Protein chains: 2
Amino acid sequence: MAQSILQTRGRPRDASIDERALKATRELLLEEGFAATTIQRVAERSGVHASAIYRRWPSRIELIQTAAYDNLAPGQVRPTGDLRHDLTRFLRSYIATFSSPLHRAAMPALLGPEALEQPMTPQAWLLLSVRPHFKKILAAAPAGVIDASIDSDEIFDLLLGAAMVHACVPKEARPKQPVERTIDLVMRILSPPTNR
Amino acid sequence: MAQSILQTRGRPRDASIDERALKATRELLLEEGFAATTIQRVAERSGVHASAIYRRWPSRIELIQTAAYDNLAPGQVRPTGDLRHDLTRFLRSYIATFSSPLHRAAMPALLGPEALEQPMTPQAWLLLSVRPHFKKILAAAPAGVIDASIDSDEIFDLLLGAAMVHACVPKEARPKQPVERTIDLVMRILSPPTNR
């Protein structure tokens with residue numbers, strides 16, 4: 001598996017130990033759920049000592065966040081210059097991530113009370129790292145397509161929220177709204193006054 | 001406590017039994033968290049028999065959703081005709097709800113894998129019931145302020161997603177973006193071409 005962007009901070013680690021712990025975490029999340037995914041269970045399953053896990057992740061919340069977000073696809077969308085196309089891929093990619101069984105199982109570690117009490121989790125770090133990347137997608141659009149006053153972070157937050165709604169609100173609770181309609185709305189925000 | 005909108009379906013119930021069970025559920029969520037909030041524990045704490053709880057809620061997921069969403073504030077925003085003002089109150093109200101300790105503790109019941117497997121939970125029912133209400137807020141705007149092609153459900157979903165991001169993304173992972181900026185973007189979507 002490729003080197004995780006979440007593991008590039010600090011001194012080099014033994015990647016095989018990291019990978020064994022993360023693999024066991026993912027398996028436990030999928031097979032037994034969030035509550036059962038404790039450091040102790042991960043240690044037993046992976047053969048990595050609990051103390052070695054704690055050296056890498058200060059709590060199970062960080063461990064679970066890293067395991068669930070490790071190869072997060074949205075950061076991989078390369079800008080092509082076709083803005084609508086790129087934004088659609090970006091949004092679809094987040095929806096797929098938020099809809100995956102692994103992410104769903106990890107949800108309490110991402111949005112639960114324990115996660116929110118911590119200042120700078122892998123989740124927060126990852127979201128920060130995606131922002132400059134998203135900015136490049138907007139910057140790749142042809143001149144004049146995007147209003148100069150647009151803040152890419154605000155558009156990113158809008159897409160992130162839209163992805164959460166698409167992935168997390170039960171389909172019975174919302175009208176059948178295709179991803180393309182969300183992109184229509186975002187394109188409407190982006191376009192300069194003369195193009196609207 | 002006022003009659004819950006979640007309890008108006010079906011035949012009348014003994015409101016005091018409902019209320020005791022819901023109160024115990026809220027207390028358990030806040031004091032001990034999601035995992036500890038089981039039907040059995042709610043029964044012990046409230047003095048309501050587990051069988052009576054199961055008659056009212058098919059699972060702990062439905063019970064927790066009802067307890068967490070019971071008096072959801074966003075449905076209470078009355079349209080004044082000042083669109084920006086109303087939308088701001090609506091968004092702030094959702095952010096406050098999603099940020100509350102009770103809602104955070106209930107998060108796995110709202111967004112976790114168990115919740116998403118069920119077809120029509122109290123959460124889904126509530127979201128559906130808010131949609132017509134939100135439509136009234138848009139309808140109360142003066143003529144010409146909103147583009148006729150706008151679908152109120154799409155704007156609702158956009159605000160819902162924005163509220164999730166405001167409330168759930170750690171503040172370290174996003175720029176300091178005031179609620180007013182989100183409303184700016186939504187107003188930009190809403191306004192007819194001639195007004196932009």
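User: Is B:Asp86 buried or exposed?
Analyst: In this predicted model, the relative accessibility of B:Asp86 is 0%. Buried means under 20% relative accessible area, exposed over 50%, and partly exposed in between (1.4 Å probe, protein chains only). B:Asp86 therefore counts as buried.

User: At what pLDDT do side-chain atom pairs count?
Analyst: Residues are numbered from 1 along each chain as its sequence is written, chains are lettered from A and ligands numbered from 1 in the order in which they are written, and side-chain values use heavy atoms, with hydrogens and water left out. Because the model is predicted, totals for chains, interfaces and linings use all residues, local features need pLDDT of at least 70, and side-chain atom pairs count only at pLDDT 80 or more.

User: Which residue forms a salt bridge with B:Asp86, and in which helix do both lie?
Analyst: A salt bridge is a side-chain nitrogen of Lys or Arg within 4 Å of a carboxyl oxygen of Asp or Glu. B:Asp86 meets this rule with B:Arg89, the closest N and O atoms being 3.2 Å apart, and B:Arg89 is partly exposed at 29% relative accessible area. The two residues are 3 positions apart, about one turn of the helix, and the pair B:Arg89 and B:Asp86 lies in helix α5 (residues 83-99) of chain B.

User: What is the secondary structure of chain A?
Analyst: Helices (H or I, at least four residues) and strands (E, at least two) are DSSP runs, numbered from the N terminus. The elements of chain A run α-α-α-α-α-α-α-α-α-α from the N terminus on. The total for chain A is 10 helices and 0 strands.

User: How many residues apart are A:Asp184 and A:Arg84?
Analyst: The side chains of A:Asp184 and A:Arg84 meet in a salt bridge with an N to O distance of 2.9 Å. The pair links distant parts of the chain, A:Asp184 in helix α10 (residues 179-190) and A:Arg84 in helix α5 (residues 83-99) of chain A, with a separation of 100 residues.

User: Are A:Asp184 and A:Arg84 buried or partly exposed?
Analyst: The relative accessible area of A:Asp184 is 26%. For A:Arg84 the relative accessibility is 36%. Both residues are therefore partly exposed.

User: How many salt bridges does the rule find across the interface of chain B and chain A?
Analyst: Contact means heavy atoms within 4.5 Å, and 42 residues of chain B are in contact with 41 residues of chain A. Over all chains the search finds 30 salt bridges. Across the interface of chain B and chain A, the number is 4.

User: Where in chain B is the residue that forms a salt bridge with A:Arg188?
Analyst: The side chains of A:Arg188 and B:Asp147 meet at 2.7 Å, N to O.

User: Are A:Arg188 and B:Asp147 buried or exposed?
Analyst: A:Arg188 has a relative accessible area of 18%. B:Asp147 has a relative accessibility of 12%. Both residues therefore count as buried.

User: Which helix gives the most to the side of chain B that touches chain A?
Analyst: A:Arg181 forms a salt bridge with B:Glu154, the closest N and O atoms being 2.6 Å apart. On the side of chain B that touches chain A, at least two residues each come from α6 (101-111), α7 (113-116), α8 (122-139), α9 (152-168) and α10 (179-190) of chain B. With 10 residues, the helix that gives the most is α9(B).

User: What share of the area buried between chain B and chain A do carbon and sulfur atoms give?
Analyst: Buried area is the accessible area (1.4 Å probe) that two parts lose on being put together, summed over both. Between chain B and chain A this comes to about 4000 Å². Carbon and sulfur atoms give 67%.

User: Which C-alpha of chain B is nearest the axis?
Analyst: Copies are superposed by least squares on the C-alpha atoms of residues with pLDDT of at least 70 in both. A rotation of 180 degrees with 0.0 Å of shift along its axis superposes chain B on chain A (RMSD 0.0 Å). The two copies are therefore related as by a two-fold rotation axis. At 1.8 Å from the axis, the nearest C-alpha in chain B is that of B:Gly161.
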